[in-house]
Amino acid sequence: MDIHRCRFVPYPPSAINAVAFSHPCVSHAQKSAPVRLAVGRANGDIEIWNPLRGRWHQEITLHGGKDRSIDGLVWVNEPDQVLADGTKLVGKSRLFSIGYTSTITEWDLEKGRPKKQASGMHGDIWCLAAQPLVVPPSSSSGAGGRSSSRVVEAGKKLVAGTIDGSLVLYSIDDDDLQFDRVLVKSSSKKTKMVSMTFQNRNVVVVGCSDSAIRVYDMRNGSILSKMTLGSDLAGGAKEIIVWSVKCLNGRDIVSGDSTGQVCIFDGKTYTQAQRLQSHKQDVLSLATSADGSTIVSGGMDRKTVLYRQTRGSTSRWGKVWHRRYHSHDVKTMASFEGLGMSVVVSGGQYY
């Protein structure tokens with residue numbers, strides 16, 4: 001039989017190491033840049049997907065360098081601008097990635113290639129987050145016609161956690177990307193910054209490799225709290241690795257670690273409120289709902305577990321169900337609510 005055309009397609013596809021939505025939550029009345037999902041793979045590629053109200057469509061593939069894995073993705077949404085004639089320009093979305101090197105890359109979504117890169121004098125970056133923007137409240141005239149106090153938006157920053165236990169800042173003002181300074185430097189070389197989330201603009205929560213979750217003040221780098229998880233289970237490692245941390249609607253903190261536990265911490269006192277043992281192996285990824293009422297965890301045991309908070313005077317978290325959607329580790333998760341959807345996207349070794 002004659003073969004007139006032959007096309008080779010790589011299979012199985014490269015592992016998914018990171019997923020991130022450009023907007024985790026969008027209301028029907030809110031005007032913003034189109035929502036997109038970025039999928040980072042172990043071969044260095046980033047796929048950009050359009051949800052299309054549930055009819056998922058892959059728009060473009062950003063090809064990275066050879067053997068340069070994508071291990072973290074962060075979107076930053078620029079604020080809207082109002083022109084002199086009253087026309088409103090919707091702020092654009094910017095995409096940044098890390099790959100277990102000391103470099104942060106910004107991607108050109110129109111040309112489909114890297115746009116800028118920056119690095120500093122620090123170890124490999126293991127986690128990355130964007131400092132939330134502060135939207136000034138509507139002003140009202142007070143005595144003497146003077147406006148009331150307003151929140152002034154400071155410069156936009158990316159915060160990176162490194163293998164040598166440092167927190168470093170990168171400035172992304174004026175469409176640029178450059179190293180700013182080291183905010184925190186660990187005294188112990190054994191401490192690795194593994195996961196990160198923001199409780200609010202001035203407070204960053206970091207999951208570490210030494211059985212601890214640390215809370216830092218972004219304004220001066222001082223430590224607000226250190227929440228310890230104790231020792232691993234009998235026969236396990238001495239140190240617990242906090243693979244993922246999330247904040248529940250800017251309040252309480254939830255973590256997933258190498259013991260297979262999901263822990264809930266009070267966001268005011270930074271004390272542990274509850275432990276949930278739903279996985280037999282490491283909890284690698286977490287996702288939360290916009291209102292903070294739902295948690296989803298993914299683990300090395302291939303499980304995806306959903307938790308909800310019970311109502312009543314003694315509010316507690318409980319497991320609702322679990323599934324095994326993946327044939328391998330559930331390494332990464334991201335959630336989105338709006339446009340008629342409420343979804344969690346997960347990625348792992350094979351899909």
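A disulfide is a pair of cysteine sulfur atoms within 2.5 Å. A search of the whole structure finds zero disulfides. Cys-127 is in no disulfide, and the nearest cysteine sulfur, that of Cys-208, lies 8.2 Å away. Cys-127 is buried, with a relative accessible area of 5%, and Cys-263 is buried too, at 0%. Here buried means under 20% relative accessible area, exposed over 50% and partly exposed in between, with a 1.4 Å probe and protein chains only.

A word on the source: this is a predicted model, where local features need pLDDT of at least 70 and side-chain atom pairs count only at pLDDT 80 or more, while totals for chains, interfaces and linings use all residues. Residues are numbered from 1 along each chain as its sequence is written, and side-chain values use heavy atoms, leaving out hydrogens and water.

Now the strands, which are DSSP runs of E with at least two residues, numbered from the N terminus. Two strands pair if DSSP finds at least two bridges between them. Four strands form an open antiparallel sheet in the order β5-β8-β9-β10. Its edge strands, β5 (72-77) and β10 (113-119), each pair on one side only.

| Pair | Bridges | Facing residues |
|---|---|---|
| β5 and β8 (93-98) | six bridges | Leu-73 and Ser-97 |
| β24 (294-299) and β25 (304-309) | five bridges | Ser-297 and Val-305 |
| β25 and β26 (317-323) | six bridges | Arg-308 and Gly-318 |

The hairpin of β24 and β25 has four residues between the strands, and Arg-302 takes a positive phi near 75° there.
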